Amino acid sequence: MHPDFDRFISRENSNASAAEGYERYLFAQEVEPVTLGRQKEDIVQMWVADMQFAAPQAALDAMSDRLRHPIFGYTMNYDDQLYDVFNAWCQRRYSWSFPREQLVLSLGVIPALFGLVNYLCGPTDKVLTLSPSYGYFKHATVKNGRTLVTSPLIDNDGHYEIDFKDFEEKAADSLVKVFLLCHPHNPTGRLWSELELRRLAEICFRNSVKIISDEIHCDLLRNGLKHTPLAKLFPESQNIVTCMAVSKTFNLAGMMIATIIIPDETLRAVWNEFHYPFINPLSLAAAIGSYRAGEQWLDELRVYLDGNFALADQFVRQNLPEARLRIPESTYLAWIDMRAYFPSSMNLTRFFLERAGVVIEGGEMFVENGQGHIRLNLACPRSVLQKGLDRIQKATLENLANDIPTD
């Protein structure tokens with residue numbers, strides 16, 4: 001049976017963050033309340049990075065099988081089932097493997113980031129990342145009482161490149177202890193090349209900077225492209241922690257399970273001492289089932305996402321010709337430059353919610369170096385995508401017309 005990605009599944013009344021949590025998350029720091037001007041069920045969700053698609057049958061079947069056992073007590077990853085299927089997945093898709101003892105589990109990549117920054121950095125230390133940046137890179141740093149340092153990416157007509165001179169200068173600061181790498185990159189969708197990865201890592205190693213490589217989007221590439229784990233390029237290094245998860249790949253973010261590979265035995269001992277070790281038994285079953293039998297679902301998903309990006313690209317070219325959308329090499333997130341239509345200082349998250357009834361994330365949500373951009377989640381049925389794009393165009397052109405001075 002083939003998945004039906006065109007099927008619309010309402011998420012109302014399911015406590016889904018995409019449908020219920022956008023006001024609290026996106027506007028928590030703002031004094032002025034959001035004015036919707038329409039019924040909540042008429043809002044188009046194109047923000048938080050989960051998908052509007054049913055999870056693969058492989059995950060559902062695995063959870064159903066586990067439900068037949070009527071006890072749901074404290075559970076940990078004691079046996080080798082997850083390791084066996086996940087390591088085989090990594091060998092098959094990335095030509096990379098790792099020893100069983102290096103695998104630990106977390107209640108998601110975000111909790112892993114919070115823990116690792118705390119374990120690797122002292123109170124006066126700094127964390128380096130590239131910007132624009134996934135917002136939780138900042139949260140994991142500053143909420144741990146550490147200082148975030150950013151190296152702005154260079155926007156080369158929508159193709160983002162690393163400013164290695166700036167990056168090396170930042171990494172040379174003796175207080176910088178950790179580099180948070182997003183690979184593939186969120187929000188720009190860059191799939192870093194082997195040359196770029198080697199250069200980044202070598203700069204870090206020369207300066208005694210450890211790397212936490214968030215590779216959660218690694219399976220969501222455009223067809224024809226292949227992910228290279230950073231750790232694969234440096235198989236003897238103890239200074240790279242790799243974070244992957246079924247959450248993005250198989251739309252299981254709510255199951256709260258991530259696979260973290262820690263080669264450094266000392267760091268792994270600290271992790272095991274302080275990190276919460278229990279996991280949801282259904283989550284464990286879903287992860288095992290997905291890696292074991294979810295590959296065809298993922299391959300069909302990637303084809304569908306490629307079609308959504310082609311639609312969005314054509315729409316922007318025809319209807320918002322001054323905007324810039326470069327189809328990303330990875331993720332299901334479109335990063336669109338809207339500076340030709342809006343001042344960089346404008347809060348585009350609020351504008352498109354209030355004026356278009358579409359929940360997106362404006363560039364102001366991505367730490368810095370993203371103003372005037374919007375991030376759209378394209379992992380939705382094509383009818384939802386079309387509706388969202390139509391509304392974005394209409395609101396943009398109406399705003400442009402209202403700003404034109406008259407004689």
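A residue is termed buried when its relative accessible area is under 20%. In this predicted model, R93 has a relative accessibility of 13% and therefore counts as buried. The side chain of R93 meets that of E295 in a salt bridge, with an N to O distance of 2.6 Å. Because E295 belongs to helix α13 (residues 295-319) and R93 to helix α4 (residues 81-94), the pair ties together parts that are 202 residues apart in sequence. E295 itself is partly exposed, at 22% relative accessible area. Both residues also take part in a network of salt bridges that links R92, R93, D219, E295 and D299.

The structure holds 28 salt bridges in total. Another of these joins D337 and R324, at 2.9 Å from N to O. Here D337 lies in strand β12 (residues 333-337) and R324 in strand β11 (residues 324-325), so this pair connects parts 13 residues apart in sequence. D337 is buried at 8% relative accessibility, whereas R324 is partly exposed at 25%.

The salt bridge between D65 and R68 has its closest N and O atoms 2.4 Å apart. In this pair, D65 is partly exposed, with a relative accessible area of 46%, and R68 is exposed, at 63% relative accessibility.

The arginine R222 is situated in the loop between β8 (210-214) and α9 (230-233). Its relative accessibility is 9%, so R222 counts as buried. Leaving aside residues up to four places away in sequence, R222 touches R302, L305, D306 and F309, as well as I327, P328, E329, S330 and T331.

Terms used:
Residues numbered from 1 in each chain as written. Predicted model: local features only at pLDDT ≥ 70, side-chain atom pairs only at ≥ 80, totals over all residues. Heavy atoms only, no water. Helix = DSSP H or I, 4+ residues; strand = E, 2+ residues; numbered from the N terminus. Buried < 20%, exposed > 50% of the residue type's maximum accessible area, 1.4 Å probe, protein only. Contact = heavy atoms within 4.5 Å. Salt bridge = Lys/Arg side-chain N within 4 Å of Asp/Glu carboxyl O.
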